Amino acid sequence: MEAVKTTFAPMLIIKDGVAAVEFYKKAFGAIEVIRFSNPDGTIHVAELSLDGAMFHIRQETIDRGDFDPGTINGKTILLELVVEDPHAVQARAVAAGGKEMQPVTDYEHGMRQGQVKDPFGHVWLIEKKLIDHSKNK
Amino acid sequence: MNGLQTAIIPTLSVRNGAAAIEFYKNAFGAVELMRVEDPDGAVVAEMAIDGARFFIADESPEHGNFSPETIGGSTTRMGLFVDDPDAVAKRAVEAGAIEVYPVADQDYGYRLGRVQDPYGHHWEIAKKIE
């Protein structure tokens, strides 16, 4: 059996998971893989796939230290989204309701990068390496 | 042209980034790819666990980047999918992470356990078993 390739799949804490799933579908073209709902219809956990990159969203549970970014007005983890076309991905995210924090820009250090805060307060750096420094060594 | 493989790369805000880098090396066998240090000692480092890249950065509350220690919790958990979650969780605990719950087969189709690292980040170490 082939070994599993090590990958990160961040779990984003969100107050309104139902709205979040819809947003990530519209903004990033995410696919909902599975959803576990609470009896009241709110989302407990959902697994999403973004062009093959897995992530999860989970309902905020303040007494367990799982905070929606809006609750603390900040975040403990930033999310970088590496994509083939940062301009197109950022434009779509902003059109879906994300707030552009930085336009997509080509930086001298070899990164094409933009920044969007989603409606739930999670911040995404949408980027692509223009220069692969590892190949210059 | 082959398209770039879409990937999500987390950046963890921590207090004492320099120590955190050493912890993640010991706990997860992470390698340090790059480190930038400010004159005041704050670091940003690019690391990889078995090829999966992530970043460590000293917290900057003025930019809304908080260490879990500062807010008493977190806004994102680190899901880490690996071939052998039992071995990965065991090594992390030996390096100083706290076991939140042990690795076990979960009814939602993952073999998964959770640890809290010394900087307050929670790691769900998992493998799909369905």
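Student: Which helix of chain A holds A:K25?
Tutor: This is a predicted model, where local features need pLDDT of at least 70, side-chain atom pairs count only at pLDDT 80 or more, and totals for chains, interfaces and linings use all residues. Residues are numbered from 1 along each chain as its sequence is written, and chains are lettered from A and ligands numbered from 1 in the order in which they are written. Helices (H or I, at least four residues) and strands (E, at least two) are DSSP runs, numbered from the N terminus. A:K25 sits in residues 17–28 of chain A, helix α1.

Student: Is A:K25 buried, exposed or partly exposed?
Tutor: Count other C-beta atoms, placed from the backbone, within 10 Å: 20 or more is buried, 12 or fewer exposed, in between partly exposed. A:K25 has 15. So A:K25 is partly exposed.

Student: Which residues does A:K25 touch, not counting residues up to four places away in sequence?
Tutor: Contact requires C-beta atoms, placed from the backbone, within 7 Å. With residues up to four places away in sequence left out, the contacts of A:K25 are A:A30 and A:E32.

Student: How many residues does each chain give to the contact between chain A and chain B?
Tutor: Chain A gives 36 residues. On its side, β6(A) gives the most, with 6 residues. Chain B's share of the contact is 36 residues.

Student: How do the residues of the chain A side divide into nonpolar, polar and charged?
Tutor: Ala, Val, Leu, Ile, Met, Phe, Trp, Tyr, Cys and Pro count as nonpolar; Asp, Glu, Lys and Arg as charged; the others, Gly among them, as polar. On the side of chain A that touches chain B, the division is 21 nonpolar, 8 polar and 7 charged.

Student: What is the strand order in the open sheet of 8 strands?
Tutor: Strands pair if DSSP finds at least two bridges between them. The pairing here is mixed. The edge strands, β7 (99–106) of chain A and β2 (31–37) of chain B, each pair on one side only. The order is β7(A)-β8(A)-β9(A)-β6(A)-β1(B)-β4(B)-β3(B)-β2(B).

Student: In β9(A), what is the bridge partner of A:K117?
Tutor: β8 (residues 111–117) and β9 (residues 123–129) of chain A pair in the antiparallel sense over 7 bridges. In β9(A), A:K117 is bridged to A:V123.

Student: What angle does helix α3 of chain A make with β8(A)?
Tutor: Axes are lines fitted to C-alpha atoms, for helices over the stretch in contact, and angles run from 0 to 180 degrees between N-to-C directions. Helix α3 (residues 86–95) packs on the sheet, touching β6, β7, β8 and β9 of chain A. Its direction and that of β8(A) make about 10°.

How values were computed
Contact = placed C-beta atoms within 7 Å.
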